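The stops below are given in the order in which to select them.

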Amino acid sequence: MDYDDLPHVYFYTVDVSFKKGKTTYNRTVKLVTKCRTPGEVMRDPISMERIRKLVYAKKYKGQKHVMIRRMYNEVQLGKVTKKAL
């Protein structure tokens, strides 16, 4: 098995900003992802969907605006499996 070329999986504490109506809220969430920067997380649909599920209620019908402000407390967990690529 050749796992040296697979990307790492990281655990982050993330500061998130999101809107409900005209009000902007800030929240800190935990995130497991293979992305390293806030821009990469914003482009990753799987990570963004996880964050949206954490900050918005299940029956929220308005537009869901989420922005990653800061990522810190990086912990390397392991490598991504071949199925996840």
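Start with the salt bridges, of which the structure holds three (a side-chain nitrogen of Lys or Arg within 4 Å of a carboxyl oxygen of Asp or Glu). This is a predicted model, in which local features need pLDDT of at least 70, side-chain atom pairs count only at pLDDT 80 or more, and totals for chains, interfaces and linings use all residues. Residues are numbered from 1 along each chain as its sequence is written, and side-chain values use heavy atoms, with hydrogens and water left out.

Select Asp 15 and Arg 70: their closest N and O atoms are 3.4 Å apart. The pair links strand S1 to strand S3, 55 residues apart (helices are DSSP runs of H or I, at least four residues, and strands runs of E, at least two, numbered from the N terminus). Asp 15 is buried at 19% relative accessible area, while Arg 70 is partly exposed at 45% (buried is under 20%, exposed over 50%, partly exposed in between; 1.4 Å probe, protein chains only).

Next, select Arg 36 and Glu 74, whose side chains meet at 3.5 Å, N to O. Arg 36 sits in the loop between S2 and helix H1 (38–43), Glu 74 in strand S3.

Move to Arg 52 and Glu 49, a salt bridge at 3.6 Å. They are three residues apart in helix H2, so about one helical turn separates them.

Finally, show the strands: three form an open antiparallel sheet in the order S2-S1-S3 (two strands pair if DSSP finds at least two bridges between them). The edge strands are S2 (23–33) and S3 (65–79).
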